[in-house]
Amino acid sequence: MTEKIPYKIYLEEDEMPKSWYNMRADMVNKPAPLLNPATKKPMSAEELEAVFCSELVQQELDNENAYIEIPQEIRDFYKMYRPSPLVRAYCLEKKLDTPAKIYYKFEGNNTSGSHKLNSAIAQAYYAKKQGLKGVTTETGAGQWGTALSMACAYLELDCKVYMVKVSYEQKPFRREVMRVYGASVTPSPSETTQVGRKILAAHPGTTGSLGCAISEAVEVAVGTPGYRYVLGSVLNQVMLHQSVIGLETKAALDKYGIKPDIIIGCAGGGSNLGGLIAPFMGEKIRGEADYRIIAVEPASCPSFTRGVFAYDFCDTGMVCPLAKMYTLGSDFIPAANHAGGLRYHGMSPVLSQLYHDGYMEATSVTQTRVFEAAEQFARVEGILPAPESSHAIRVAIDEALKCKETGEEKTIVFGLTGTGYFDMVAYEKFHDGNMDDYIPTDEELAKFRLNLPKVD
């Protein structure tokens, strides 16, 4: 059977998923409800609709429906770049001299260069369907902002992007791609919003964080008629749309009778990890199969591995709903030298609950080891990976080397979320020896937890 498996496994167009999979429907312990930041009471659909599109609110709160049909218009858009290939990393296996079989799901076959387009087109579609004029959002490394600007251009919606300041300065070409697609891009925190000015006053010279950018984007959305806020990770609606990744991965593996032992994804807010593992996690929850699922996060922003499971603000400005998640504290801002887009202080409430209940594990890695793995992968597999994806590559290589030591022939699947061609400043810092492995101390993290909200 192994000899018959092609280098790249493609699904036919008619094999593409026609529905998204909602993990919440099968979860034994549902994620805790989002809370109103003022009253600390569960937020109603009506309250959430002041921020999000109406249809997306329904998806966000859905605990019952395991499958939600993908509208035909979105499926037609997906056909431009989906189904994406599941690739057997034969060259990497040979280089590592490992008995492990390594596969990666490659999501970089679109202009945005990442998996983010899967949810961007869905959220833009529902905004257009609602008759809105435009949307606001945040972006870290720029993949989400790029994807959303593409989707909005396609559907003729205005798009306002608040980009984490350090990424705005380090990734000018990513910024320019957004502008090509008609988006306005503002470095965050900025002087253009009340919350931005407040953050700058409290943290002069800050390089920003996703939490800062979220606050600004939400303020503009709520204060501008005809606009709503959309986001690229963390919440259930995004996880739902990204489930196309895992559904395609499982369908491709099933096509050749392959069952993975280990599934690995990088974790910032959780969208690509949640999307990749969705159908496999569903089987695990239902007791139909078992998999070892590993979330990989940066040691400089270790929400899972060093955070606390508690209610916290989703943003630095403390204007967004409270979510129960693994968090470092909404004031936490990663070191400026952090090279990837995994800069969020918290983690998806869905994934946080699953991790808390023992369905998955997590590990953190330092960024110099991440870039070593990225270069090793690029030199044998021919794709320059994004820094975010390279966290998963690092652990996939480590697990494959463990198989070499033990002689076990395990099957490893990881998510290659996108390409790194707009991340050359980070690669330059790595090559020039200007990249460090800053890891926050326990004392520093304890300080940020002091402002966790009190919830009865």
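Predicted model: local features only at pLDDT ≥ 70, side-chain atom pairs only at ≥ 80, totals over all residues.

Me: Let's start with strand 5. Is it mostly covered or mostly open?
Reply: Mostly covered: strand 5 spans residues 101-106, and six of its six residues are buried.

Me: Which residues point which way from strand 5?
Reply: K101, Y103 and K105 go one way, while I102, Y104 and F106 go the other, and all are buried. In a regular strand, side chains alternate between the two faces of the sheet.

Me: And what does strand 5 pair with?
Reply: Strand 4 (residues 86-88) runs antiparallel to strand 5, joined by three bridges. R88 has Y103 as its bridge partner there. Strand 15 (residues 411-416) pairs with strand 5 in the parallel sense, over six bridges.

Me: Switching to cores. Which residues touch the most other members in the largest nonpolar one?
Reply: W20, L354 and M360, out of 76 residues in that core. Helix 5 (residues 117-129) gives the most to this core, with eight residues. There's also a second, separate core of 35 residues, which includes V87, L96, F106 and F430.

Me: Last topic: how do helix 9 and helix 10 pack?
Reply: Helix 9 (residues 194-202) and helix 10 (residues 210-223) pack at about 150°, with axes 8 Å apart. Angles over 145 degrees count as roughly antiparallel, so that's what helix 9 and helix 10 are.

Me: Which residues meet there?
Reply: Q194, V195, G196 and I199 from helix 9 meet C212, S215, E216 and E219 from helix 10. The contact divides into three nonpolar, three polar and two charged residues.

Definitions and conventions
Residues numbered from 1 in each chain as written. Heavy atoms only, no water. Buried < 20%, exposed > 50% of the residue type's maximum accessible area, 1.4 Å probe, protein only. Helix = DSSP H or I, 4+ residues; strand = E, 2+ residues; numbered from the N terminus. Pairing = 2+ DSSP bridges. Core = buried A, V, L, I, M, F, W, Y, C linked by side-chain atoms within 4.5 Å. Axes fitted to C-alpha atoms, helices over the stretch in contact; angles between N-to-C directions. Parallel < 35°, antiparallel > 145°, perpendicular 65-115°, else oblique. Contact = heavy atoms within 4.5 Å. Nonpolar A, V, L, I, M, F, W, Y, C, P; charged D, E, K, R; others polar.
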